[in-house]
Amino acid sequence: MKVVGLSGSKVGTKTRTALDYTIKSVTENYPATQTTLIDLADFDIQFSDGRNYLEYEGDTKYVLQSLMEADAIIMGTPIFQASIPATLKNIFDLLPENAFRDKVVSMLVTAGSPKHYLIVEQQLKPILGYMKAQIVQTYLFIEEKDFHRKEITNDDVLFRIDRLVEDTILLTETYKQIREAKEAEYDF
Amino acid sequence: MEKYRLDPSKGMEFGLYTLGDHLPDPGTAERISPQQRIRELIELAQHAEQAGIDFFSVGESHQEYFVTQAHSVVLSAIAQATEKIKISSSSTIISTSDPVRVYEDFATIDLISGGRAEIVAGRASRVGLYDLLGYDLRDYEELYEEKFDLLRKINEEEVVNWSGQFRPALNDAKVLPRPLNGSLPIWRAVGGTPASAIKAGYAGVPMYMAHLGGPVSVFKRTVDAYREAAQQSGFDPSELPVATAGFFYAAESSQQALREMYPHINEGMKRTNGQGFPKQNFAQGADPRSVMNIGSPQEIIEKILYQHEQFGHQRYIAQMDFGGMPFDKLMKNIELIGNEILPAIKKYTAK
């Protein structure tokens, strides 16, 4: 199983920190999984110009192909201006509309204010639904006060990270079994 | 319809189209050589002609896993190797080509073939050619509209005066040679969405509609939108032909047809498009209401007649060679078309 952690911003460190913990939890608890962490801050990504995703070059191509080859994506995003960052939206724009078909996507969010809790429901989930993701319904919402100097200091958050990972892997395995059983019925 | 060399009294035309893809056969993981693939395309056109198929067209694609970048050269060879089958592009990427050169090529093919050439002009679903030839993707829409208009003007006028944004002006220009009978049928390639079809309708040009899959009812809306737009623009829709093109595969039973074709479609789409064809969607292709003509010959006859009833189209064009389909399977399909499918379709659609 291929799991990609995607840190959706070029600004700040909290989302990346939370994703580091998350990917560590995946590799420790599910050593058979193949994990990749993509932090958009490390890449030079083009803006979408409408071409097929296979036709981009360089960093853009690498990031898109890694996402397309994943079985599960754990998407991390900060909330900026009561919204997902443009860097993450650009990734969605670069991908085909059915990009997440047969993939499980789970989310973790870092935000400066608890008032941003519903941004995921209002902005991220509709996009993921449109792009055909199997969404892990429960997402992880982490506030600024849970971090101290690039570490997570709230044990509750650490427990919830482990549970998000469990849910992601469980849903990916289950969905794969369901799909295989369904496809076997077709006899072609 | 005479302008487009179509005679409805002889029934709906049946054609084949190939994208000229050069993909491995998923059954063997082997890829034939580019030379063999091109030879087989020419041979396929010959066999299609012998089976009584009306039309054969070759696509232009400039990316890995394709072999007919110079599609007009391939069509020229087909023109020489055949005698009566109509030959066309499907499509020519007019956006990044010079309409003068395209017209020269196809008028020449028309002369070689004795008046059998047509052009289907599209705007490319891929951008490889934009990079290759130095065009700006931001001009995507305008490039197509301007060049398509110029192509039509060259077709209609022996002496052309024209100026535009993307090509030097033409002053009293004669584009030679002229086709055998003065002009060529020029179709606008439409991807199946009403927005694109409406543009073809406004321009009063024949529509070549390609579709991957889905219910006939959805594409009927596109055809209706096309005719309505044509009417609004002052054209008579009954004078404007419609062609539809999509996946085709005949075998003894629909189950066998699905089984034999699916790996080719799925693996081929993965390589060329980045995503496979979902089994769930493909399974629906066997349904009588689907636009995909996959099934037993009898089922296909019924599907094509149903589509004809819904679309009122003048030509159906089958794509069966995608994704490294072995040549013997293509031959078997041509046999089924010639012996069973074609006679029935002609019989029921001749007016």
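## Before you start

This is a predicted model, in which local features need pLDDT of at least 70 and side-chain atom pairs count only at pLDDT 80 or more, while totals for chains, interfaces and linings use all residues. Residues are numbered from 1 along each chain as its sequence is written, chains are lettered from A and ligands numbered from 1 in the order in which they are written, and side-chain values use heavy atoms, with hydrogens and water left out.

## Chain B

Taken along the principal axes, the C-alpha atoms of chain B fill a box of roughly 60 × 45 × 40 Å. Chain B has 11 helices and 12 strands; these are DSSP runs numbered from the N terminus, with helices being H or I of at least four residues and strands being E of at least two. UniProt, in an unreviewed entry, lists "domain: Luciferase-like" for residues 12-311 of chain B. UniProt positions are given in the numbering used here, feature names are shortened, and annotations may be inferred rather than shown by experiment. That span is 45% helix and 18% strand, and its end C-alpha atoms lie 11 Å apart.

Two peptide bonds in chain B are worth a look. One is the cis bond that joins B:Ser90 and B:Ser91, with omega about 5°. B:Ser91 sits in the loop between strand S3 (86-89) and strand S4 (92-93) of chain B. The bond from B:Leu176 to B:Pro177 is also cis, with omega near 0°, and B:Pro177 lies in the loop between strand S7 (170-174) and strand S8 (186-190) of chain B. As background, most peptide bonds are trans, and most residues other than glycine have a negative phi.

## Chain A

Chain A contains 5 helices and 8 strands, which run β-α-β-α-β-α-β-α-β-β-β-β-α from the N terminus on. Its radius of gyration is 16 Å, which agrees with the value near 16 Å for a compact globule of 188 residues. Along the principal axes, the C-alpha trace of chain A spans about 55 × 35 × 30 Å.

Helix H3 (residues 86-94) of chain A holds both A:Lys89 and A:Asp93, 4 residues apart, about one turn of the helix. Their side chains meet in a salt bridge at 2.6 Å, N to O; the term means a side-chain nitrogen of Lys or Arg within 4 Å of a carboxyl oxygen of Asp or Glu. Over all chains, the whole structure has 34 salt bridges. In the loop between strand S3 (72-78) and H3 of chain A you will find A:Ala82, whose phi is near 60°, a positive value in a residue other than glycine.

## Where the chains meet

The contact (heavy atoms within 4.5 Å) takes 20 residues from chain B and 15 residues from chain A. Together the chains bury about 1500 Å², 52% of it on carbon and sulfur atoms. Buried area is the accessible area (1.4 Å probe) that two parts lose on being put together, summed over both. In chain B, B:Leu137, B:Gln275 and B:Lys279 lose the most area to chain A, together 36% of what that side buries.

There are 2 salt bridges between chain B and chain A. B:Arg259 and A:Asp187 pair their side chains in a salt bridge at 3.2 Å, N to O. The elements that give two or more residues to the side of chain B touching chain A are helix H4 (128-133), helix H8 (254-273) and helix H9 (279-284) of chain B. H8(B) gives the most, with 7 residues.

A:Asn98 is in the loop between H3 and strand S4 (104-111) of chain A. Leaving aside neighbours within four places in sequence, A:Asn98 is in contact with A:Met131, A:Lys132 and B:Gln275.

Terms used
The radius of gyration is taken over C-alpha atoms; the globule rule is 2.2 Å times the number of residues to the power 0.38.
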